[in-house]
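Subject: Structure handover

Hello,

Here is the structure I promised to pass on. Please open it and keep it beside this email while you read my notes.

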Amino acid sequence: MKDVVVLVGSGSIGQAIARRVGAGKHVVLGDLKLEAAQAAADILENAGFETSAIAVDISSRESILNLIEHAKQYGAVKNFINAAGVSPSQAPVSAILKVDLYGTAVLLEEFGKIIADGGSGIIISSQSGHRLAALTEEQNFQLATTPTEELLNLPFIKEITDTLKAYQYSKRCNVLRVMGQATAWGKRGATINSISPGIIITPLANDELKGPRGEGYRNMLKASPAGRAGTPDEVGDLAEFLMSSRGRFISGADILIDGGTTASYFFGDLQYLKKTH
């Protein structure tokens, strides 16, 4: 038996993190499409990692529990990474909320019950959650603490009709659920944090850059302090730190890694563009 790393969402960001924390462990790759999970597993196998692949639909608690049972047969789950999600250009409101909001909440809840002592988890959120118009204190509390099966019935969630808003609320919820779950994870000797990337060049980001909101994304890149998009490896480096012994005093936190785009959105050149267009 070995320590186990569970990666949900087998794209480039998830793979970059798994490469950094998976050496000497068994890496379970879960994805909605088994062929995608298997393709990622094959890449890691050819790089010297021990892997297995499984189909998982994170909008289904039953499917998540099946993933956990699969992982436990290889050993104790020491690291958990959720990099799954759909973007505003890829899915309707209902799917975004079911996957990005509800699904992430279920993952946090269920993996928080079995994460090993000394373990760690990472939820990949998004800079978009930081751009949501101010929520009330009560709404923030509800997103953080409402029983998972009741989340989608919150009145202000049921009122969402725009895919971007659905995505932003989902990502804000991810960050708040991580804060809400940090104490439970801590009782098991584990840490849980979220990372909110900006525009990282992945297939999902390329869909957005070529989609109806593409111009806005390109403006963000031009106006950001970094002046460029990020790479999956840069997110991987941050996740590695958080999941290592150097990051043991960090839990319940969210870290922006967006080249300063959010800062520019509120106080810099992007704020100027918003006011003049």
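Tyr265, Phe266 and Phe267 make up one aromatic cluster. Keep in mind that this is a predicted model. The structure contains 4 aromatic pairs. A pair of aromatic rings is described by two things, the distance of the centres and the angle of the planes.

Take Phe156 and Tyr169 as one of the pairs. Their ring centres are 6.1 Å apart and their planes lie at 45°, so this pair counts as tilted. Tilted covers what is left between stacked, under 30 degrees, and edge-to-face, over 60. Phe156 sits in helix H6, residues 155-158, and Tyr169 in helix H7. The two are 13 residues apart, and the pair links distant parts of the chain. Both Phe156 and Tyr169 are buried.

Now go back to the cluster. The rings of Phe266 and Phe267 have centres 6.2 Å apart and planes at 45°, so this pair is tilted too.

Next, the nonpolar cores. In soluble globular proteins, nonpolar side chains tend to be buried together. The largest nonpolar core here has 27 residues. Which of its members touch the most others? They are Val6, Val8, Phe80 and Phe111. Five elements each supply at least two residues of this core: strand S1 (4-8), helix H3 (61-72), strand S4 (77-82), helix H4 (93-114) and helix H7 (163-187). H4 gives the most, with 6 residues.

Look at Val8 up close. Neighbours within four places in sequence are left aside here. Val8 is in contact with Gly30, Val56, Ile58, Leu67 and Phe80, among others. Its contacts also include Ile81, Asn82, Ala83, Ala84 and Leu107.

- His70 is in helix H3. Its relative accessible area is 13%, so His70 is buried. His70 is in contact with Val28, Ser52, Ala53 and Ile54.

- Lys171 is in helix H7. At 4% relative accessibility, Lys171 counts as buried, because the cut-off is under 20%. Lys171 is in contact with Asp100, Ile124, Ser125, Ser126 and Gly129. Lys171 and Asn46 are 125 residues apart along the chain, and their C-alpha atoms are separated by 33 Å.

- Gln139 is in helix H5, residues 137-145. With a relative accessible area of 18%, Gln139 is buried. Glu35 is 104 residues away along the chain, with 39 Å between the C-alpha atoms.

- Arg213 is in the loop between helix H8 (203-210) and helix H9 (214-223). Its relative accessible area is 24%, so Arg213 is partly exposed. Arg213 touches Pro88, Ser89, Asp162, Thr163, Leu164 and Glu208. Arg213 and Gln15 are 198 residues apart in sequence and 27 Å apart in space, C-alpha to C-alpha.

- Gly118 is in the loop between H4 and strand S5 (120-124). At 36% relative accessibility, Gly118 counts as partly exposed. Gly118 is in contact with Lys78, Arg188, Gly189 and Arg248. How far apart are the C-alpha atoms of Gly118 and Thr191? They are separated by 7.8 Å, though the two residues are 73 apart along the chain.

Best wishes

How values were computed: Residues are numbered from 1 along each chain as its sequence is written. This is a predicted model: local features need pLDDT of at least 70, side-chain atom pairs count only at pLDDT 80 or more; totals for chains, interfaces and linings use all residues. Side-chain values use heavy atoms; hydrogens and water are left out. A nonpolar core is a set of buried Ala, Val, Leu, Ile, Met, Phe, Trp, Tyr and Cys residues joined through side-chain atoms within 4.5 Å. Buried means under 20% relative accessible area, exposed over 50%, partly exposed in between (1.4 Å probe, protein chains only). Helices (H or I, at least four residues) and strands (E, at least two) are DSSP runs, numbered from the N terminus. Contact means heavy atoms within 4.5 Å. Rings of Phe, Tyr and Trp (its six-membered ring) pair if their centres lie within 6.5 Å; planes under 30 degrees apart count as stacked, over 60 as edge-to-face and the rest as tilted.
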